[in-house]
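Before this model goes into further calculations, here are some notes for you to read beside the coordinates. They are grouped by region.

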Amino acid sequence: MPLVVVVGSVNMDAVARVDHLPLPGETVGDADLSWFAGGKGANQAVAAERQGSATALVAALGQDDTGRSLRELLAGEGVDVSAVTLEPQVATGLAMIAVDVTGANTIVVAPGSNRALSPAHVEAAADLIASAAVVVCQLEIPLATVTRAFQLAREAGALTVLNPSPAQPLPDELLALADVVVANEVEAAQLPPTSSCAVVVTMGERGAVLREKDAVTSYPSFRVVAVDSTGAGDAFCGALAAGLAAGRDLRDAVSTAVAAGAVAVTRAGALPSMPTAAEVAALLEGAAR
């Protein structure tokens with residue numbers, strides 16, 4: 001049975017590599033275009049699986065060629081896709097991503113089938129969620145679906161990890177169900193100061209900060225050559241979930257997650273950049289010398 005269950009989005013990513021990111025009203029030509037599997041749910045599930053944690057994904061794809069190919073790809077990664085449905089009359093989600101020469105990016109998402117992932121889908125996967133040690137959600141799916149997933153996780157005694165991305169105001173009910181929130185600086189600014197959960201703020205090349213009730217712990221980043229920052233936060237979340245599912249202390253799991261995010265930026269694409277446990281261990285070992 002899975003140690004980590006991810007409830008979230010799956011997209012096909014169209015990635016255009018450009019000299020610089022376009023300003024409003026500007027057209028940037030001569031881009032190199034590549035296609036990758038992506039979506040925060042898929043990325044985080046593969047990240048956790050590659051860290052050695054048995055992982056299942058609850059998601060909705062379109063009943064189209066793209067949806068079927070993505071489901072097959074995720075299964076090939078070892079992710080349990082028994083709760084990944086193919087929905088008729090909706091297209092599989094699409095993300096349009098521009099990446100510049102520094103690895104910075106801009107992203108526009110057409111959610112498609114991800115909007116169709118409902119509380120009913122989560123309830124159909126209740127046994128799967130009940131078997132998990134950690135349940136992870138993001139916000140590329142309806143808030144009601146995220147809330148129901150965390151309710152079921154809490155009832156089963158699983159840890160809940162919320163990645164509040166894309167940034168948006170969050171209902172108190174949802175935050176009360178989260179044990180750990182992983183947010184970038186923009187997302188963290190929207191969290192209420194009275195939030196009782198542990199909060200990890202990811203800061204790119206400046207590392208991360210863990211804020212708990214009684215302590216603040218800083219984690220420096222690693223010196224790597226950035227190629228594409230797309231998916232770095234997902235690598236972080238997946239590695240963190242895998243560490244927590246393995247019984248590691250939160251502070252220790254965050255240190256490994258920072259390394260996972262650093263490895264992810266060294267190659268192109270979202271899902272393909274999710275690192276293996278060996279790659280993360282090698283970076284940590286090198287930094288300790």
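This is a predicted model: local features need pLDDT of at least 70, side-chain atom pairs count only at pLDDT 80 or more; totals for chains, interfaces and linings use all residues.

1. Helix 8, which covers residues 232–245, packs against helix 9, residues 250–264, at an angle of about 145°, and the two axes are 7 Å apart. The crossing of helix 8 and helix 9 is right-handed. On the helix 8 side the contact is made by Ala 232, Ala 235, Phe 236, Ala 239, Leu 240, Gly 243 and Leu 244, while helix 9 contributes Leu 250, Ala 253, Val 254, Ala 257, Val 258, Ala 260, Gly 261 and Ala 264. By residue class, this contact of helix 8 with helix 9 consists of 13 nonpolar residues and two polar ones, with no charged residue taking part. As background to the spacing of such positions, an α-helix has 3.6 residues a turn, so residues three or four places apart point the same way.

2. The nonpolar cores. The largest nonpolar core comprises 52 residues, and Leu 57, Phe 236, Leu 240 and Val 254 are the members with the most contacts inside it. Helix 9 supplies the largest share of this core, namely 10 residues. To return to Leu 240, its contacts beyond four places in sequence are Val 161, Val 180, Val 182, Leu 250, Ala 253, Val 254 and Ala 257.

3. The cysteines. The structure holds zero disulfides. Cys 137 is in no disulfide, and the nearest cysteine sulfur to its own, that of Cys 237, lies 11 Å away. Cys 137 counts as buried because its relative accessibility is 0%, which falls under the 20% cut-off. Cys 197 is likewise in no disulfide, the nearest cysteine sulfur again being that of Cys 237, at 13 Å. Cys 197 is also classed as buried, since its relative accessible area is 9%.

4. Is Ser 9 buried or exposed? With a relative accessibility of 0%, Ser 9 counts as buried, although it lies in the loop between strand 1 (4–7) and strand 2 (11–17). Beyond four places in sequence, Ser 9 touches Gly 39, Lys 40, Gly 41, Ala 42, Asn 114, Gln 138, Glu 140 and Ile 141. Asn 114 is found in the loop between strand 7 (105–110) and helix 3 (119–124), and it is buried as well, with a relative accessible area of 2%. Although Asn 114 and Ser 9 are 105 residues apart along the chain, their C-alpha atoms are separated by 5.5 Å. The contacts of Asn 114, with neighbours up to four places away left aside, include Gly 8, Val 10, Asn 11, Ala 60 and Gly 93.

5. Helix 1. This helix, residues 40–50, is mostly covered, with nine of its 11 residues buried; among the buried ones are Lys 40, Gly 41 and Ala 42, which are also on the list of residues that Ser 9 touches. Gly 52, which follows helix 1, has a positive phi near 95°.

6. Backbone geometry to check by eye. A cis peptide bond, with omega about 5°, joins Ser 165 and Pro 166, and Pro 166 is found in the loop between strand 9 and helix 6 (172–176). Asp 30, a residue other than glycine, has a positive phi near 60°; it sits in the loop between strand 2 and strand 3 (32–38) and counts as exposed, at 77% relative accessibility. For Gln 89, phi is also positive, near 70°, and this residue belongs to the loop between strand 5 (80–87) and strand 6 (93–99), where its relative accessibility of 85% makes it exposed.

7. Gly 157. The loop between helix 5 (143–156) and strand 9 (159–163) holds Gly 157, which counts as exposed at 64% relative accessibility.

Notes. Residues are numbered from 1 along each chain as its sequence is written. Side-chain values use heavy atoms; hydrogens and water are left out. Axes are lines fitted to C-alpha atoms, for helices over the stretch in contact, and angles run from 0 to 180 degrees between N-to-C directions. Helices (H or I, at least four residues) and strands (E, at least two) are DSSP runs, numbered from the N terminus. A crossing is left-handed if the near helix is turned anticlockwise from the far one by less than a right angle, and right-handed if clockwise. Contact means heavy atoms within 4.5 Å. Ala, Val, Leu, Ile, Met, Phe, Trp, Tyr, Cys and Pro count as nonpolar, Asp, Glu, Lys and Arg as charged, and the others, Gly among them, as polar. A nonpolar core is a set of buried Ala, Val, Leu, Ile, Met, Phe, Trp, Tyr and Cys residues joined through side-chain atoms within 4.5 Å. Buried means under 20% relative accessible area, exposed over 50%, partly exposed in between (1.4 Å probe, protein chains only). A disulfide is a pair of cysteine sulfur atoms within 2.5 Å.
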